[in-house]
Amino acid sequence: MEFSHVSIMAREVMETLEPSRGGIYVDCTAGGGGHSLEIAKLLPEGSRLICLDRDDEAIAACTKRLEEYADLVTIVKSNFRNVTAALDMLGIEKIDGIMWDLGVSSHQLDDGDRGFSYSKEAPLDMRMDQAEGKSAYDVVNYYSEDELKRIIRDYGEERFAQRIASFIVNRRAEKPIETTVELADIISSAIPAAQRKKEAQNPARRTFQAIRIEVNGELDAIEPSISGAVERLNPGGRLAVITFHSLEDRIVKETFKKLSTGCTCPPEFPVCVCGNKPKINLLSRKPIVPSDEEMEINPRSRSSKLRTAEKA
């Protein structure tokens, strides 16, 4: 299957990062290379672009897409959590711009063999890096009922988490749950009929999101990746983060808040004793969202938010 991924808010990201200024830029979640290509087009001679991804298919697609710019692009197989380790490996001390496009790509959703989609028959997998051990099959068939309830509630924000976990455990007692459609049917049967009628989308989507996040450790990687990258940014260097659901956005928002906060001394202290200074300045207080035109062209962009900042 040809790798496809529509770059969300590409214009807004380029306006934030300003790669035409030159220097070293990093795309922490390169995917098929959509944003990376836009950065590469704008980079002046002598600049460098580092592309990270942990999906082998994405790396192959990104490599092909950026062939014309191979002299300034370095592609590394890496979880975005390990961005500072990747920079160390490349001997790079400081960078001038960095971005993250979080979540699952259109290609991963559309590829029936990967197990990300609840509407396509596939083995339960959901691994972004298929060389990793734990898959969705392991989560669904071996996690305890309490563990399933926790991730479905916390990562899927699903109000019927307890019922869904119970239905999964009861069904797998008969035989292992092996496919996406099988799991989606179990989830649907656990949600009361009246609620299913109210759902505008497939009722399995929240649970599938929760299991995918658990399999790939997506949320745990966000804060350390951003905080580590900020330490490597040159003064005036820019960062841009695209999120697709409230859990991701909340972590990014709180991380930005922590990094942009200066003195934390109690207000009654006459002078600062903590010595804390802001590490970043927010470029906009509220997140940037796609234009109406973009949302019409690419419905998957509707839930996306872009948060931006500059190294102090």
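Residues are numbered from 1 along each chain as its sequence is written. Because the model is predicted, local features need pLDDT of at least 70 and side-chain atom pairs count only at pLDDT 80 or more, while totals for chains, interfaces and linings use all residues, and side-chain values use heavy atoms, with hydrogens and water left out.

**Two packed helices**

Begin by selecting helix α7 (residues 145-156) together with helix α11 (residues 205-216), which pack at an angle of about 105 degrees with their axes 8 Å apart. Helices (H or I, at least four residues) and strands (E, at least two) are DSSP runs numbered from the N terminus, and the axes are lines fitted to C-alpha atoms, for helices over the stretch in contact, with angles running from 0 to 180 degrees between N-to-C directions. The angle makes α7 roughly perpendicular to α11, a term that covers 65 to 115 degrees, whereas angles under 35 count as roughly parallel, over 145 as roughly antiparallel and the rest as oblique. To display the contact (heavy atoms within 4.5 Å), show Arg150, Ile151, Ile152, Tyr155 and Gly156 of α7 against Arg206, Thr207, Gln209, Ala210, Ile211, Ile213 and Glu214 of α11.

**Salt bridges**

Side chains of opposite charge can pair when their charged atoms come close. With a salt bridge taken as a side-chain nitrogen of Lys or Arg within 4 Å of a carboxyl oxygen of Asp or Glu, the count comes to 21 salt bridges.

Select Arg114 and Glu57, whose side chains meet in a salt bridge at 3.3 Å, N to O. Arg114 lies in the loop between α5 (106-110) and α6 (136-142) and Glu57 in helix α3 (residues 56-65), so this pair ties together parts that are 57 residues apart in sequence. Which of the terms buried, exposed or partly exposed applies to Arg114? Buried means under 20% relative accessible area, exposed over 50%, and partly exposed in between (1.4 Å probe, protein chains only). Arg114 counts as buried at 2% relative accessibility, while Glu57, with a relative accessible area of 32%, is partly exposed.

Next, select Arg232 and Asp88, a salt bridge in which the closest N and O atoms are 2.8 Å apart. Because Arg232 lies in helix α12 (residues 218-232) and Asp88 in helix α4 (residues 83-89), the pair ties together parts that are 144 residues apart in sequence. Arg232 counts as buried at 10% relative accessibility.

Continue to Lys305 and Asp249, which form a salt bridge with the closest N and O atoms 3.9 Å apart. This pair links distant parts of the chain, with Lys305 in strand β7 (residues 305-311) and Asp249 in helix α13, 56 residues apart. Lys305 is partly exposed at 32% relative accessibility, and Asp249 is buried at 7%. Then select Arg11, Glu12 and Glu15, which salt bridges with shared partners join into one network.

Select Ser304, in the loop between α14 (292-297) and β7, which is buried with a relative accessible area of 1%. Not counting residues up to four places away in sequence, Ser304 touches Ile8, Met9, Ile242, Thr243, Phe244, Ile288, Val289 and Pro290.

Move on to Asn234 in strand β5 (residues 233-243), a partly exposed residue with a relative accessible area of 25%. With residues up to four places away in sequence again left out, Asn234 touches Lys94, Ile95, Asp96 and Lys311.

**Positive phi angles**

Two loop residues come next. Glu18 is not a glycine, yet it has a positive phi of about 50 degrees; its place is in the loop between α1 (10-17) and β1 (24-27), and it is partly exposed at 31% relative accessible area. Met126, likewise not a glycine, has a positive phi of about 70 degrees; Met126 is in the loop between α5 and α6 and counts as buried at 0% relative accessibility.

**A nonpolar surface patch**

Finish by selecting Phe269, Val271 and Val273, which make a nonpolar surface patch of about 300 Å². Patches are made of residues with over 30% relative accessible area and no salt bridge, like charges being joined within 9 Å and nonpolar side chains (Val, Leu, Ile, Met, Phe, Trp, Tyr) within 5 Å; accessible areas come from the Shrake-Rupley method with a 1.4 Å probe, and for residues only the protein chains shown count as cover. Val271 is in the loop between α13 (246-260) and β6 (280-282) and is exposed, with a relative accessible area of 56%.
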